[in-house]
Amino acid sequence: MTDPSHDPNSTDDASTDRSTQHESTMPDLDDVVLDNLDAGSGDDSDEASRGLFDDLLEGEPIFENKEVLRPSYTPHKLPHREEQINNMATILVTALRGDTPSNILIYGKTGTGKTASAKFVSEELETTSQKYEVPCEVEYINCEVTDTQYRVLAQLANKFINKNVGVIDDRIDELEALESRVREDASELADTQFDSLAAVDEKIDSLAEDKKEFEEVPMTGWPTDRVYSSFFDAVDYHERVVVIMLDEIDKLVEKSGDDTLYNLSRMNSELENSRVSIMGISNDLKFTDFLDPRVKSSLGEEEIVFPPYDANQLRDILQARANVAFKGDALSDDVIPLCAAFAAQEHGDARRALDLLRTAGELAERDQTDQVEEDHVRQAQEKIELDRVVEVVRTLPTQSKIVLFAIILLEKNGVRNINTGEVFNIYKNLCEEIDADVLTQRRVTDLISELDMLGIVNAVVVSKGRYGRTKEISLSVPTDETEAVLLSDSRLGDIDDVQPFVQARFDN
């Protein structure tokens with residue numbers, strides 16, 4: 001029989017009376033606060049004391065401007081990318097003459113300065129267009145986040161709708177001010193396109209109607225052709241040259257095919273007032289192999305390749321940023337060379353180098369030291385690597401997580417040179433325990449290969465002579481941290497006792 005006192009839905013009169021009595025005897029809030037302050041004046045070392053942040057603020061800050069070390073920051077100067085920047089500028093300068101620039105594809109590995117350079121050139125383009133009063137706009141879309149045709153078109157449509165509404169509002173304000181002046185002095189119409197006050201009123205009404213027609217596109221729910229139509233009308237509302245920058249463009253193609261690129265690349269044949277150019281940025285040099293030949297030829301009119309940085313180039317980049325990011329003598333002499341050396345091993349990744357330098361600075365601040373030392377860089381390298389592993393493991397599909405968990409269980413129980421059969425046996429038992437589908441051993445072998453490609457496990461094919469070949473598997477990542485990430489998954493977290501799944505190992 002259930003004890004009613006433990007039923008969360010029961011309405012026990014006695015407990016209600018007790019609650020009412022408790023409320024009637026509760027002290028005022030002021031009394032509680034004063035009592036707590038008095039109680040905290042003792043020397044009980046187990047209690048948190050006031051001034052929690054005061055101790056942390058005692059040391060001198062190391063950073064002058066930490067944001068300079070973040071990937072989102074666009075510097076005023078980009079060392080060792082002058083050639084690529086000049087190439088982009090040469091192509092895009094036609095926009096300042098009112099003509100359509102060629103489409104550009106930018107290639108290069110992560111952290112080679114592609115996005116930073118493209119944003120730098122785009123900002124210069126927009127600034128110069130304002131100087132010469134040429135309508136030219138650049139719109140940036142990150143296709144890793146906005147990865148479907150609907151989302152890309154909706155986001156672009158809404159950007160231009162908002163700009164158009166702003167233009168209309170400004171124009172209406174100008175005309176209403178003109179109206180006021182004309183009512184006082186009719187000669188104010190002399191240098192305008194209007195021949196009467198009624199014509200001004202008519203234009204204001206027309207602009208108000210235009211504004212009503214610009215309906216924002218919802219992020220879901222409309223047919224794609226309606227979203228495209230809204231985008232088309234918004235772009236073509238007035239004369240301008242538009243550069244659409246699609247970062248991680250390969251992710252869009254991978255998720256949604258090349259329909260978006262096809263629609264964007266053929267727009268200019270239908271537009272009356274504006275012109276559109278596409279700037280695609282990709283880490284994958286081969287993604288165009290999957291495009292329709294018409295899209296491929298249109299999109300790749302101009303190609304710019306960004307080679308990886310070497311250690312010396314990374315050192316120059318870090319030094320330029322460090323001069324702005326850190327206070328005077330905050331870095332010891334070996335910090336920047338070490339950060340550059342670590343990042344050069346990662347295919348010349350400047351983003352990795354900046355992350356290392358920033359993290360090393362944060363670790364030094366936590367230590368309340370006056371200077372970032374070599375040891376802080378080595379700690380930062382370990383921390384970043386662990387953070388990467390945690391993120392990769394956390395985002396694995398459930399089946400890959402179960403396979404990885406099986407490998408961890410075998411290693412933790414002392415099994416060395418783990419083979420695929422042993423992993424599969426544990427994997428099957430784990431699947432049955434959490435009621436997951438059991439894949440074939442061949443598919444599990446494929447998942448092990450994928451984990452090997454991600455650098456999470458090391459799987460080496462070895463020959464067993466007349467017994468054939470097998471994979472010997474070992475972990476390439478910290479065991480405890482990886483296991484903790486896996487157990488944070490609600491499905492794997494349901495396994496109470498893993499020991500029954502670890503079977504004895506039999507050597508042939």
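Two strands are taken to pair if DSSP finds at least two bridges between them. Strands (E, at least two residues) and helices (H or I, at least four) are DSSP runs, numbered from the N terminus. The structure is a predicted model, in which local features need pLDDT of at least 70 and side-chain atom pairs count only at pLDDT 80 or more, while totals for chains, interfaces and linings use all residues. Residues are numbered from 1 along each chain as its sequence is written, and side-chain values use heavy atoms, with hydrogens and water left out.

The secondary structure of the chain comprises 19 helices and eight strands. Of its 508 residues, 41% are buried (under 20% relative accessible area, with exposed meaning over 50% and partly exposed in between; 1.4 Å probe, protein chains only). Among contacts (heavy atoms within 4.5 Å) with a separation of 6 or more, 72% join residues 24 or more positions apart.

Five strands form an open sheet with parallel pairing, in the order E2-E3-E4-E1-E5. Strands E2 (136-142) and E5 (302-306) stand at the edges with a single partner strand each, so one side of each lacks a neighbour in the sheet. On average, neighbouring strands of this sheet are turned by 15° against each other, direction ignored. Within the sheet, E1 (residues 104-108) and E4 (residues 274-282) run parallel and are joined by four bridges; Tyr107 stands opposite Ser282 in E4.

Two helices were examined against these strands. Helix H5 (residues 114-131) lies across E1, E2, E3 (240-247), E4 and E5, at about 155° to E2. Helix H8 (residues 224-235) lies across E3 and E4, at about 135° to E3. Angles run from 0 to 180 degrees between N-to-C directions, and axes are lines fitted to C-alpha atoms, for helices over the stretch in contact.

Helices H15 (residues 374-394) and H19 (residues 479-487) pack at an angle of about 35°, their axes lying 9 Å apart. On the H15 side, Leu386, Val389, Val390, Val393 and Arg394 take part, and they meet Glu481, Thr482, Val485 and Leu486 of H19. This contact of H15 with H19 contains six nonpolar, one polar and two charged residues (Ala, Val, Leu, Ile, Met, Phe, Trp, Tyr, Cys and Pro count as nonpolar, Asp, Glu, Lys and Arg as charged, and the others, Gly among them, as polar).

Arg352 belongs to helix H14 (residues 350-366) and counts as buried because its relative accessibility is 10%. Leaving aside residues up to four places away in sequence, Arg352 touches Ala343, Glu346, Gln381, Ile384 and Glu385.
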